[in-house]
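Please look through the model shown below, and then read the notes that follow on its backbone and its ligand site.

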Amino acid sequence: MIVLGIETTCDETAAAVVERLDDGRGRILSNVVLSQIAEHAAFGGVVPEIAARAHVEVLDAVIANAMTQAGRDYDAIDGVAAAAGPGLIGGVIVGLTTAKAIAFVKNKPLLAVNHLEAHALTARLTDRVAFPYCLFLGSGGHTQIVAVRGVGNYVRLGTTQDDAIGEAFDKTAKLLGLGYPGGPQVEKEAARGNAMRFMLPRPMHGRKDADFSLSGLKTALRLEAEKIAPLTDQNVADLCAAFQQAIVDVVFDRLRAGLVLFRARFGIPTALVAAGGVVANQAVRKVLNRLAFEVGTTLVLPPPELCTDNGAMIAWTGCERLALGLTDPLNIAPRARWSLDEIAAAEGLRRRTAAYK
Ligand code: KG4
Ligand code: ZN
């Protein structure tokens, strides 16, 4: 089974062709990602209108490139998948409409994929992880701990009450005058900083639930920065190091609580899986390793290029859904908001309705 996948929910225009073999293994035939960083850098963040226009301009070429690199033509494709949300609605419309056009003209099934579900299932593409597993998703828009029980079957165990974890990195970078996107810049600065110089809070530490709260951390950092302004290069590095260390401690504590909740409700997970842009961070990867070792679970970390937004994860989720016959009608609507819990509820309804028929 071969599926073309399209991703346009944020500032990456991406397309990929992925094959799912009969035994469930996945193979990436091509994976083209065009980042719009340069277009947004001057504004210190993603500008939705600029993103949507940029997607329109380059998506056709990105898709053509992905098809050429895969060495396949449309006749060889079994389905067309696109991220149908959640995300910046202008971009989502561009990607989904393009997928619909290809599906319609080439007479192929359409797969309207949830972007979060795609992050969640990436570990099955890279490592064939069996259900149920515990997912930590840390991206620019989302911070979630999720029990992944099957395709379309997700239970959220924890989430953030305010800022997303990647957003906290981005806001910290902006505050310290570093470029966009903030995560990689903060990581780079932190590498030459002293994490012990500033004592930042570890919000929600020790709580039994698995929720996050990150806006206080950002405020504490701002107050420390204001106290010592104007900032030298070393000040910036030390603040970044302190911030990253606080994030790392928070991830450890919150995820440990999430794993306790997971075991109580669903038994022992097959693995701890991490995804999302923040998981490209080496310090975060290290602490996930430490946690997995401590609680005695297998850790699955997709390579950094599959942790950040890409088309392969959309194509793969398309494969997983197509294998179960979960295709979508051409009039399906793009969605700015679309939680994983909602997919689970919709699939449950679909299954119950099918049983009733
Ligand atoms: O998953 P992603 O590519 O896009 C979505 O938000 O869906 O995640 C992007 C986020 C941004 O906030 C970015 O600053 C953060 O991931 N990020 C990082 C690193 N690389 C990307 N955060 C910390 N360290 C990094 N190396
Ligand atoms: Zn993402």
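## The loop between α4 and β6

In this predicted model, R128 is found in the loop between α4 and β6, and this residue has a positive phi of about 55° although it is not a glycine. The loop between α4 and β6 also holds P132, and the peptide bond that leads from F131 to P132 is cis, with omega near -5°.

Another cis peptide bond runs from A229 to P230, with omega near 0°. P230 has its place in the loop between α7, which covers residues 215–227, and α8, which covers 233–266.

## The shell around ligand 1

Ligand 1 is surrounded by 18 residues, of which G140, D170, G183, E187 and N281 are the closest. Sorted by class, the shell around ligand 1 is made up of three nonpolar, 12 polar and three charged residues.

Both domains take part in this shell, since at least three residues are drawn from each of domain 1, which is given as 2–123 + 306–338, and domain 2, which is given as 130–303.

## Polar atoms facing ligand 1

With N281 the side chain is involved, as one of its polar atoms lies 3.0 Å from a nitrogen atom of ligand 1. On its own, ligand 1 has 550 Å² of accessible area, and the protein covers 88% of this area.

## The pocket and the helices that supply it

The space that ligand 1 takes up is the largest pocket. Which elements give two or more residues to the shell around ligand 1? They are α4 (115–127), α5 (165–175) and α6 (182–190), and it is α6 that provides the largest share of the shell, with four residues.

Conventions: Residues numbered from 1 in each chain as written. Chains lettered and ligands numbered in written order. Predicted model: local features only at pLDDT ≥ 70, side-chain atom pairs only at ≥ 80, totals over all residues. Heavy atoms only, no water. Near = heavy atom within 4 Å. Polar contact = N/O pair within 3.5 Å; in protein donor to acceptor, adjacent residues only side chain to side chain. Areas by Shrake-Rupley, 256 points an atom, 1.4 Å probe, with all protein chains shown as cover. 1 Å grid on protein atoms, 1.4 Å probe; cavity = no way out; pocket = protein on both sides within 12 Å on 5 of 7 lines; lining within 4 Å. Sits in = over half its atoms within 2 Å of the grid points. Nonpolar A, V, L, I, M, F, W, Y, C, P; charged D, E, K, R; others polar. Domains from an automatic or database assignment.
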